[in-house]
Amino acid sequence: MIADARVFQDTFLPDEIVHRNAELNRLSGIVQPVLEGNPAETACLFGPTGVGKTCCAQYALEQLRETTFDIETAYVNCWHNYNGYRVLYRLLEELNRTLDVHRQSTPKDELYDRLRQADTHPYVVILDEVDQLEDKDVLYDLYALPHVTMILIANDEQDLFSGLDDRLYSRLRGSECVKFDRYSDDELVSILESRVQRGLAEGAITREHLALIADAAAGDARVAIGVLRTAARQASYDGATELSRADIDAAIPEARSELRRKTLDQLIADQQLLYEIIDEHGEVAPGTLYEAYEHRCDGPKSRRMVRNYLSKMEHYNVIEADGEKRSRVYRVSEAAFGTTER
DNA sequence: ATTCCACGGGAAAGCATGGACC
DNA sequence: GGTCCATGCTTTCCCGTGGAAT
């Protein structure tokens with residue numbers, strides 16, 4: 001029943017972008033000057049998860065590469081590369097300039113110098129989830145390189161700009177912003193249809209069932225495709241030739257928990273334990289939380305370190321903190337896993 | 001109204017790591 | 001092998017804050 005499983009992967013880049021023509025044209029226009037050897041404005045893409053920001057950015061770079069050889073591009077996810085050093089390292093890595101750079105023993109300045117010297121071609125870089133970056137100063141450094149063009153991706157404009165110091169803010173304020181809205185159900189259905197066409201055998205799923213998935217996904221294409229993938233996988237295990245209503249009904253919560261698990265897997269053990277405790281309590285005060293953590297942990301970290309973990313988890317939208325100082329409570333964030341929408 | 005103190009978060013110091021250099 | 005050095009992670013110290021206790 002599955003003709004091509006790749007089209008259901010999160011990393012899959014389709015040949016054609018559906019329902020994002022306006023945004024894509026806008027973005028292509030912003031980076032266009034690069035083709036004439038001129039510096040382009042920094043582009044900022046904003047919008048909730050699963051609305052095609054990353055997809056459009058990568059597609060736009062793909063288009064550039066089709067036009068000319070004389071351009072370098074890179075994709076950096078700032079969730080994984082969360083400080084200036086790692087971002088610079090990744091950018092050099094994409095240029096194959098890290099041969100004699102040894103991790104941790106080469107100062108950041110030298111990485112930056114190398115990047116500055118690598119200016120034979122324009123370098124267009126995507127910095128995804130840029131709000132996860134700890135020290136935003138690296139954006140300022142990159143901004144100062146005339147051959148580097150940045151495409152910044154973040155969920156929320158306020159979130160990104162509020163954490164910046166003045167000099168960076170004044171520069172990025174002038175950048176070109178492209179906002180992405182949630183997909184409508186109809187748009188989601190046609191996105192799914194284009195994947196189904198390539199990924200599943202003819203007649204494996206009806207349009208009604210796709211509408212069901214779209215409805216459950218609440219405008220998030222990543223969730224929608226995840227549900228489709230989960231349902232198709234199950235139906236395929238069962239040896240069925242088409243997806244049943246039951247497959248889809250089961251896939252909706254399962255895809256959600258898969259998403260949750262993937263997010264939690266990215267946390268370190270201490271953070272996972274903290275999450276577990278918070279989840280069990282529903283709502284928990286900082287003192288109680290630490291005591292429970294201390295009790296259940298082999299080598300508990302200090303209170304201060306736990307505060308670092310918690311604020312990072314809050315930043316990741318895995319947990320929420322409500323209230324200030326002594327009246328603060330922590331709870332798990334449902335919004336991050338698409339359960340509170342609608 | 002005043003004091004108390006749990007909390008968050010900044011700064012600095014300590015520790016571990018791993019390559020460079022001798 | 002030993003020493004040096006930069007970095008990331010962790011702890012220690014500290015201070016301002018605002019809700020709770022008095």
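**Briefing: a parallel sheet, a hairpin and a DNA surface**

Ala 218 counts as buried because its relative accessibility is 11%, where buried means under 20% relative accessible area, exposed over 50% and partly exposed in between (1.4 Å probe, protein chains only). This is a predicted model, in which local features need pLDDT of at least 70, side-chain atom pairs count only at pLDDT 80 or more, and totals for chains, interfaces and linings use all residues. Residues are numbered from 1 along each chain as its sequence is written, chains are lettered from A and ligands numbered from 1 in the order in which they are written, and side-chain values use heavy atoms, with hydrogens and water left out.

**Positive phi values**

- Ala 218 sits in the loop between α9 (207-217) and α10 (221-237); helices (H or I, at least four residues) and strands (E, at least two) are DSSP runs, numbered from the N terminus.
- Most residues other than glycine have a negative phi.
- Ala 218 has a positive phi, near 50°, and is not a glycine.
- Asn 317 also has a positive phi, near 65°, in a residue other than glycine.
- Asn 317 belongs to the loop between α14 and β6.
- Asn 317 counts as partly exposed because its relative accessibility is 42%.

**The open sheet**

- An open sheet of 5 strands has the order β2-β3-β4-β1-β5, with parallel pairing; two strands pair if DSSP finds at least two bridges between them.
- β2 (72-77) and β5 (176-179) are the edge strands, each pairing on one side only.
- From one strand to the next, the twist averages 15°.
- Strand β1 (residues 43-46) runs parallel to β5 and is joined to it by 4 bridges.
- Phe 46 is opposite Lys 179 in β5.
- Helix α1 (residues 21-31) packs on the sheet and touches β1, β3 (123-128), β4 (148-154) and β5; contact means heavy atoms within 4.5 Å.
- The direction of α1 makes about 165° with that of β5; axes are lines fitted to C-alpha atoms, for helices over the stretch in contact, and angles run from 0 to 180 degrees between N-to-C directions.
- Helix α3 (residues 84-94) also packs on the sheet, touching β2 and β3, and its direction makes about 145° with that of β2.

**The surface near DNA strand C**

- DNA strand C is surrounded by 15 residues, and the closest are Tyr 82, Ser 302, Met 305, Lys 325 and Arg 326; a residue is near if one of its heavy atoms lies within 4 Å.
- Of the atoms of DNA strand C that come within 4 Å of the protein, sugar and phosphate account for 69%.
- A polar backbone atom of Ser 302 is 2.9 Å from a phosphate oxygen of DNA strand C.

**The hairpin**

- Strand β6 (residues 319-322) runs antiparallel to β7 (residues 329-332), and 4 bridges join them.
- Ile 319 stands opposite Val 332 in β7.
- In a regular strand, side chains alternate between the two faces of the sheet.
- Ile 319 and Ala 321 form the covered face of β6, while Glu 320 and Asp 322 form the uncovered one.
- The hairpin has 6 residues between its strands, and Gly 323 takes a positive phi near 90°.

Terms used: Polar contact = N/O pair within 3.5 Å; in protein donor to acceptor, adjacent residues only side chain to side chain.
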